[in-house]
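Me: I'm new to this one. Take me through the structure, please.

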Amino acid sequence: MSLRHKDLLSLAQLSREEIELVLDTAEACKQIFDRPVKKFPTLRGKVVVNLFYEASTRTRTSFELAGKWMSADVVNFTASTSSVMKGESLSDTAKTLEALGADIIVIRHRSPGAAHLVARAVRSRVINAGDGAHEHPTQALLDLFTIREKKGRLDGLTVTIVGDILHSRVARSQIIGLSRMGARVRVAGPPTLIPAGLEQRGVEVYHRLEPAIDGADVINVLRIQRERQAKGLFPSIREYVRLYGLTRERLAAAKEDVLVMHPGPANLGVEIAQDVVEDPRSAVREQVTNGVAVRMALLYLMSGGDARELQSAG
Ligand code: CP
């Protein structure tokens, strides 16, 4: 079984079975992490272009490693040193990369819908690596993978997402993915940072952190985007920390085996304390590692690869 979609633009495109396929394939990909030579020959001859118009550490590096460990040729495109600076448009840039042989274009852009625009412009496959405040489907998939790896399942778990839900592309994709996999989703944050209409989608909304984390199996903390404070969407960083910052003290009231996650990059001491990130219940570092396995799986499956063949490919 492989993924039949030309592009991955939103997690809403994937059925429950397709999400399971990605997670199972990522599990197979992760087996090579402990090998002295991390290489599958499966994407030999394929060209993967990382087209990043916005800063990234985890997503860009993990897509690069994922492509290289699958033996693809990986090209990293940085807008600030390209002909974008001479005024070349996004769709012309994508068409240029297609003409250079790109089989898969991985795009991050500040504008919602940028990945859709590129997908319409080229025959190359397109993966959304974050488009404005719209979606970040590969982050949500690696989060689902990490939760399943740690908890053994997704169905029936209670997952609390804390922070700026309104502007978070991660939260948007996570809510789609978690709900589809049968998890119970709670969100917590200031009323100004919670979008309307979530309850109608089955999400429980909290404006206080304590009841939101009470009984939760997973606490997923989001980065507070400081630029939102300038727009008056919450009073001050100090106030935010007091009300929503995840500290050791607050964690003490959560379930003993709660899993703590953060997609990164984190404002340490703001939305999450440093000692919580380093706590044994935190999967923050494993999320980063798992990002490579999930992106390997996506590159493989979107290139027409069959999950069963991967087992014997190494
Ligand atoms: N989580 C995430 O997308 O991180 P980067 O911005 O470092 O890629």
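**Quick tour**

Me: Start with Gln174. Is that residue buried or exposed?
Reply: Gln174 counts as buried, at 3% relative accessibility. Buried means under 20% relative accessible area, exposed means over 50%, and partly exposed is in between (1.4 Å probe, protein chains only).

Me: What am I looking at, an experiment or a prediction?
Reply: The model is predicted; local features need pLDDT of at least 70, side-chain atom pairs count only at pLDDT 80 or more, and totals for chains, interfaces and linings use all residues. Residues are numbered from 1 along each chain as its sequence is written, and side-chain values use heavy atoms, with hydrogens and water left out.

Me: Back to Gln174. Which element holds that residue?
Reply: Helix H6. Helices here are DSSP runs of H or I with at least four residues, strands are E runs of at least two, and both are numbered from the N terminus.

Me: How far is Gln174 from Ala119?
Reply: The C-alpha atoms are 22 Å apart in space. In sequence, Gln174 and Ala119 are 55 residues apart.

Me: And Arg172, where does that residue sit?
Reply: Arg172 is in helix H6, which covers residues 169–180.

Me: How accessible is Arg172?
Reply: Its relative accessibility is 36%, so Arg172 counts as partly exposed.

Me: New topic: the ligand. Which residues surround the ligand?
Reply: Ser56, Thr57, Arg58, Thr59, Arg108, His136, Gln139, Pro263 and Gly264.

Me: Which polar side-chain atoms lie by its oxygen atoms?
Reply: Arg58 has one at 2.8 Å from a ligand oxygen. Arg108 places one 2.9 Å from a ligand oxygen. His136 also has one, at 2.9 Å. A polar contact is a pair of N or O atoms within 3.5 Å; within protein, one must be able to donate a hydrogen and the other to accept it, and residues adjacent in sequence count only if both atoms are side-chain atoms.

Me: How much of the ligand does the protein bury?
Reply: The protein buries 92% of the 250 Å² that the ligand exposes when taken alone. Those areas come from the Shrake-Rupley method with a 1.4 Å probe.

Me: What about the bond between Gly264 and Pro265?
Reply: That peptide bond is cis, with omega about -5 degrees. Gly264 is also one of the residues around the ligand. Pro265 lies in the loop between S9 and helix H11, residues 274–277.

Me: Which residue have you got in S9 itself?
Reply: Met261, in a strand that covers residues 259–261. Met261 is buried, with a relative accessible area of 0%. Its C-alpha atom is 9.3 Å from that of Ile161, 100 residues away along the chain.

Me: Next loop. Where is Ser82?
Reply: Between strand S2 (73–78) and helix H3 (90–99). Ser82 has a relative accessible area of 16%, so this serine is buried.

Me: What does its side chain reach?
Reply: A polar atom of the Ser82 side chain lies 2.8 Å from the backbone oxygen of Ala79. The backbone nitrogen of Val84 is 3.0 Å from a polar atom of that side chain.

Me: Helix H3 came up. What about Lys95?
Reply: Lys95 is in helix H3. Lys95 is partly exposed, at 41%. Val122 is 27 residues from Lys95 in sequence, yet their C-alpha atoms are 6.0 Å apart.

Me: Last one: Asp7. Where, and what contacts?
Reply: Asp7 lies in the segment before helix H1, residues 16–30. Asp7 is buried, at 11% relative accessible area. Its side chain makes a polar contact with the Lys6 side chain at 2.8 Å. A polar atom of the Asp7 side chain also lies 2.8 Å from the backbone nitrogen of Val126.

Methods: A residue is near a molecule or strand if one of its heavy atoms lies within 4 Å of it.
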